[in-house]
Amino acid sequence: MGEKENSLEEKNKEDIKFSIVIPAHNEEQYIGKCIESILKASKPFENQVEIIVVLNRCTDKTEEIAKSYNCIVLKNNDKNLSKIRNAAIEIARGEIIVTIDADTLMNDHVLSKAEEYLSSGKYIGGGVTGKFERMSLGIFVSALLLIGPLFFKYGAISVGIFWCYKKDFKSIKGFNEEMLMAEDADFAKRLKVWGKKSGKKYGTIQNGMITSSRKFDKNGDWILLKRPSIILAYLKGTDRKYADEAYYENQDR
């Protein structure tokens with residue numbers, strides 16, 4: 001009986017195609033909807049998807065909500081999104097890694113498209129395009145003010161939700177743990193460079209997500225026009241003061 005159980009356990013491990021990683025710092029307001037969106041996108045891959053929620057200094061009901069959906073939970077107290085995501089991917093069993101923020105909804109086609117692109121052998125992985133839950137002129141201008149400088153530094157990349165084979169994630173050593181901000185753009189650039197070495201493209205899944213506007217809701221839609229120093233902090237990537245303000249010490253991320 002023991003041998004059969006072990007065999008079944010090994011089979012279940014082999015069946016995991018996707019590991020979805022969600023960093024979460026007091027996300028009780030958003031994480032349920034995020035997980036629900038992942039479950040909808042997972043329908044073509046029944047029993048082949050695991051969701052790993054990384055609990056980062058949570059004092060609310062985030063853990064309770066994650067467990068109610070049978071997510072794998074992992075605790076990590078680093079004020080560093082790269083370390084938080086990398087810790088989850090260390091325990092991930094899936095062949096394909098996907099990262100998503102807790103205040104983001106994954107659209108239904110994302111996992112199917114990621115599997116299609118990767119299995120074609122033409123793509124190293126990639127990101128998605130998407131939209132904010134609400135839009136205004138101020139948000140549009142603020143987004144352009146950030147996207148422009150990041151484009152010049154990192155090139156044409158898509159971020160938001162990342163997808164790639166775990167083996168390729170490991171080959172580029174995951175997210176850069178020296179960076180506290182814009183670690184996603186840095187990751188995308190390195191994944192793109194890694195793909196070029198084997199003749200593969202960096203892909204973009206169109207209309208892949210809807211993300212919250214909570215940063216703008218709290219600080220105002222014109223925040224980046226009023227405080228251009230934030231843009232410089234993103235370009236630098238290692239500014240602890242701005243990183244704490246933007247990500248690690250509040251909920252207006």
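**Entry 1: M181 and its surroundings**

I started at M181, which touches A233, Y234, G237, D239, Y242, A243, A246 and Y247, leaving aside residues up to four places away in sequence. A reminder to myself before going on: this is a predicted model.

Next I looked up where M181 belongs. M181 sits in the largest nonpolar core, which has 40 residues. M181 is listed there among the residues with the most contacts inside that core, together with F187, L191, Y234 and Y247. Two of these names, Y234 and Y247, had already turned up in my contact list for M181.

Which elements each supply at least two residues of this core? I found β2, α4 (81–91), α6 (137–154), β7, α8 (183–196), α10 (223–226), α11 (229–236) and α12 (240–248). Helix α12 gives the most, with 5 residues.

I then checked for another core and found a second, separate one of 33 residues. Its members include I35, I38, Y123 and V128.

**Entry 2: the sheet**

I traced the strands next. In what order do the 8 strands of the open sheet run? I read β3-β2-β1-β4-β7-β6-β8-β5, with mixed pairing. The edges are β3 (72–75) and β5 (104–106); each has a single partner strand, so one side of each is left without a neighbour in the sheet. From one strand to the next, I get an average twist of 25°.

Strand β6 (residues 123–132) and strand β7 (residues 162–165) pair in the antiparallel sense, over 2 bridges. At G125, I found the bridge partner in β7 to be C164.

Then I asked which strands helix α2 (residues 31–41) touches as it packs on the sheet. They are β1 (18–24), β2 (49–55) and β5, and the direction of α2 makes about 15° with that of β5.

My last stop was the backbone angles. Most residues other than glycine have a negative phi, so I wrote down two residues that go the other way.

N47 has a positive phi of about 65° although it is not a glycine. I located N47 in the loop between α2 and β2. Is N47 buried or exposed? Its relative accessibility is 65%, so N47 counts as exposed.

N70 also has a positive phi, of about 60°, and is not a glycine either. N70 is in the loop between α3 (62–68) and β3. I noted 72% relative accessibility for N70, so this residue counts as exposed too.

Key: Residues are numbered from 1 along each chain as its sequence is written. This is a predicted model: local features need pLDDT of at least 70, side-chain atom pairs count only at pLDDT 80 or more; totals for chains, interfaces and linings use all residues. Side-chain values use heavy atoms; hydrogens and water are left out. Two strands pair if DSSP finds at least two bridges between them. Helices (H or I, at least four residues) and strands (E, at least two) are DSSP runs, numbered from the N terminus. Axes are lines fitted to C-alpha atoms, for helices over the stretch in contact, and angles run from 0 to 180 degrees between N-to-C directions. Contact means heavy atoms within 4.5 Å. A nonpolar core is a set of buried Ala, Val, Leu, Ile, Met, Phe, Trp, Tyr and Cys residues joined through side-chain atoms within 4.5 Å. Buried means under 20% relative accessible area, exposed over 50%, partly exposed in between (1.4 Å probe, protein chains only).
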